Amino acid sequence: MMVRPKTEEEIELLRENAIIVSKTLAEVGRHVAPGVTTAQLNKLADEFIRSHGAVPSFLGYEGFPAALCMSVNDVVVHGFPSDYVLKEGDVVSVDCGTLYKGWQGDSAYTFPVGEVDPETRRLLDVTKASLYKGIGAAVAGNRTGDIGYAVQSYVEAQGFSVVRELEGHGLGREMHEQPGVPNFGRRGKGTHLVEGMVICIEPMINAGVKSVYLDRNGWAVHTSDHKKSAHYELTVVVRKGRAEQLSTFDFIEKDPKINF
Ligand code: MG
Ligand code: MG
């Protein structure tokens, strides 16, 4: 499959947008707490994105009704913000997309609500670590299967499971470009990674079984056993030797006010 790498000028615009997305996730994280509704968090993200000269790209995408996907506990991805009131021990996966100067941004983070139980804490830690394992394999000369293998082998060794039905993707003027980037796979298989390709890597990891089902609303993806799921996503540029991150969790993890 031929995937056109991005030019350095295009990458600069994608980088500017990736920073807006990263800051939006941190803005949401500052307000995640017991007693807050996911609709309230969505509203402040929508305003934050627009105040930075971008547009929430999920809103209206194939009919999606909100700026953010807000996926609580057993919802893997694509949950609707709602009047659900977050409570101590929940986890909420926040997925944010923005359009800026014609280019897309897309990243996600799973926040604990207050104090979570030790197994949930481990799920969050393992899922995020698996994302960085994937990024470690996103180098020129590798293939998408190397990324999937890196994620899957790490996650399964920790006793958790990888959702198969959804995957990462290329990013550019469109939210979902080629190549698809599965979170499972075999080394040396899949699309060749070329310097300048911009991709989103986004492991969706379940505490229990890997199988999922689609909610009657046609969007929210639930774990079949209703155990918790976590989702972290970053945008990277494929480079020689080491991928370059465009989005970052630093705005979240260097802010002492955010519980992560
Ligand atoms: Mg996303
Ligand atoms: Mg994505």
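Begin by selecting T37, which, leaving aside its neighbours within four places in sequence, is in contact (heavy atoms within 4.5 Å) with S82, D83, Y84 and V85. T37 sits in the loop between helix 1 (8-29) and helix 2 (38-51), where helices (H or I, at least four residues) and strands (E, at least two) are DSSP runs, numbered from the N terminus. T37 is buried, with a relative accessible area of 14%; here buried means under 20% relative accessible area, exposed over 50%, and partly exposed in between, using a 1.4 Å probe and protein chains only.

Before going on, note that this is a predicted model, in which local features need pLDDT of at least 70 and side-chain atom pairs count only at pLDDT 80 or more, while totals for chains, interfaces and linings use all residues. Residues are numbered from 1 along each chain as its sequence is written, chains are lettered from A and ligands numbered from 1 in the order in which they are written, and side-chain values use heavy atoms, with hydrogens and water left out.

Next, select the magnesium ion (ligand 1), which is coordinated by D95 (OD), D95 (OD), D106 (OD) and E233 (OE), at 2.0 to 2.5 Å. Donors are N, O and S atoms within 2.8 Å of the metal (3.2 Å for Na, K and Ca), and water is not among the atoms, so sites may look incomplete. Along the chain, the donors of the magnesium ion (ligand 1) follow the spacing D-x10-D-x126-E. The pair of D106, in strand 5, and E233, in the loop between strand 13 (229-231) and strand 14 (234-237), links distant parts of the chain, 127 residues apart. Both D106 and E233 are buried.

Which residue coordinates both the magnesium ion (ligand 1) and the magnesium ion (ligand 2)? Select D106, which coordinates both ions, and see that the two are 3.2 Å apart. The magnesium ion (ligand 2) is coordinated by D106 (OD), H169 (NE2), E202 (OE) and E233 (OE), at 2.1 to 2.2 Å. Because H169 lies in strand 7 (residues 168-170) and E202 in the loop between strand 9 (198-201) and strand 10 (204-206), this pair ties together parts that are 33 residues apart in sequence. H169 is buried, at a relative accessible area of 4%, and E202 is buried as well, at 6%.

Now select helix 3 (residues 118-136) and helix 4 (residues 144-157), whose axes come within 8 Å and cross at roughly 150 degrees. The axes are lines fitted to C-alpha atoms, for helices over the stretch in contact, and angles run from 0 to 180 degrees between N-to-C directions. Helix 3 and helix 4 are therefore roughly antiparallel to each other, a label for angles over 145 degrees, just as under 35 counts as roughly parallel, 65 to 115 as roughly perpendicular and the rest as oblique. The contact is made by V126, A129, S130, K133 and G134 of helix 3 and I147, A150, V151, Y154 and V155 of helix 4.

For the last stops, look at the backbone. A cis peptide bond, with omega of about 5 degrees, joins Q178 and P179, and P179 belongs to strand 8 (residues 177-181). Finally, select E62, which has a positive phi of about 50 degrees although it is not a glycine; E62 is in the loop between strand 1 (55-56) and strand 2 (68-72), and is exposed, with a relative accessible area of 66%.
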